[in-house]
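Q: I am new to this structure. Could you show me how to read its features one by one?

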Amino acid sequence: MSAIGEFEVLILMAVLRLDRGAYAPAVRAEIEQRTGRSVSRGAVYITLDRLESKGLLLSTMAEADEGGRQRRYYQVPAKGVRAIKRTLAALEQMRDGLEPILGKA
């Protein structure tokens, strides 16, 4: 499998950080808080679905809360972790030698 895109990496990393609390609105808030960038709800849901269809995310539905709403919780399987590592390694390889221009990480 090839490297994945930046936003897909952000989604996967947010799910990893949130652990058992990873559902779509929390993923969105985590990305916005850590990156300082605004993220649309639609982009999060579309990317979660795409990552799940690629086998890079798994989801389960929780039982309904007092309001009758169900939440879909996500987790990153080993295949998703490998995809993150591959993408970060590719970025590091591209960055190698550009420190004079880009500075240190």
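A: We can begin with a pocket and the kinds of residue around it. The model is predicted. By class, five nonpolar, one polar and four charged residues make up the lining of the second largest pocket.

Q: Which residues line the second largest pocket?
A: The lining consists of Tyr23, Ala24, Pro25, Tyr45, Asp65, Arg69, Gln70, Arg71, Arg72 and Tyr74. Helix H2 (24-35) and E2 are the elements that give two or more residues to this lining. The volume of the second largest pocket is about 170 Å³.

Q: What is the volume of the largest pocket?
A: The largest pocket has about 220 Å³. Around it are Val15, Leu16, Asp19, Arg20, Leu58, Ser59, Thr60, Tyr73, Tyr74, Gln75 and Val76. Sorted by class, its lining residues are six nonpolar, three polar and two charged.

Q: Which elements each supply at least two residues of that lining?
A: They are helix H1 (6-18), strand E1 (58-61) and strand E2 (72-75).

Q: Asp19 is in the lining of the largest pocket. Where is Asp19 found in the chain?
A: Asp19 belongs to the loop between H1 and H2. The phi of Asp19 is near 55 degrees, which is a positive value in a residue other than glycine.

Q: Is Asp19 buried or exposed?
A: To answer that, compare the relative accessible area with a cut-off. Exposed means over 50%. Asp19 has a relative accessible area of 52%, so it counts as exposed.

Q: Is Ile84 buried or exposed?
A: The cut-off for buried is under 20% relative accessible area. Ile84 is buried because its relative accessibility is 6%. Its place in the chain is helix H4, residues 78-95.

Q: Which residues is Ile84 in contact with, leaving aside its neighbours within four places in sequence?
A: Ile84 is in contact with Ile4, Val9, Leu12, Met13 and Leu16. A distance between C-alpha atoms is another kind of reading. The C-alpha atoms of Ile84 and Leu56 are 9.5 Å apart, and these two residues are 28 residues apart along the chain.

Q: Now for a pair of helices. At what angle do H1 and helix H3 pack?
A: A helix pair is read from its angle and from the separation of the axes. H1 and helix H3 (residues 41-53) pack at about 85 degrees, and their axes are 10 Å apart. Angles of 65 to 115 degrees count as roughly perpendicular. H1 and H3 are therefore roughly perpendicular to each other.

Q: Which residues make the contact between H1 and H3?
A: From H1 come Phe7, Glu8, Ile11 and Leu12, and from H3 come Ala43, Val44, Thr47, Leu48, Arg50 and Leu51. By class, this contact of H1 with H3 has seven nonpolar, one polar and two charged residues.

Q: How many helices and strands does the chain have?
A: The chain has five helices and two strands. Along the sequence they follow the pattern α-α-α-β-β-α-α.

Q: What does the C-alpha trace of the chain span along its principal axes?
A: The spans are about 55 × 30 × 20 Å.

Q: What share of the contacts with a separation of 6 or more is made by residues 24 or more positions apart?
A: Such residues account for 51% of those contacts in the chain.

Note on methods. Residues are numbered from 1 along each chain as its sequence is written. This is a predicted model: local features need pLDDT of at least 70, side-chain atom pairs count only at pLDDT 80 or more; totals for chains, interfaces and linings use all residues. Side-chain values use heavy atoms; hydrogens and water are left out. Helices (H or I, at least four residues) and strands (E, at least two) are DSSP runs, numbered from the N terminus. Buried means under 20% relative accessible area, exposed over 50%, partly exposed in between (1.4 Å probe, protein chains only). Contact means heavy atoms within 4.5 Å. On a 1 Å grid over the protein atoms alone, a cavity is a set of points where a 1.4 Å probe fits but cannot get out, and a pocket is an open set with protein on both sides within 12 Å along at least five of seven lines; lining residues have an atom within 4 Å of a point. Grid points are joined across faces, edges and corners, and a volume is the space filled by probe spheres set on the points. Ala, Val, Leu, Ile, Met, Phe, Trp, Tyr, Cys and Pro count as nonpolar, Asp, Glu, Lys and Arg as charged, and the others, Gly among them, as polar. Axes are lines fitted to C-alpha atoms, for helices over the stretch in contact, and angles run from 0 to 180 degrees between N-to-C directions. Angles under 35 degrees count as roughly parallel, over 145 as roughly antiparallel, 65 to 115 as roughly perpendicular and the rest as oblique.
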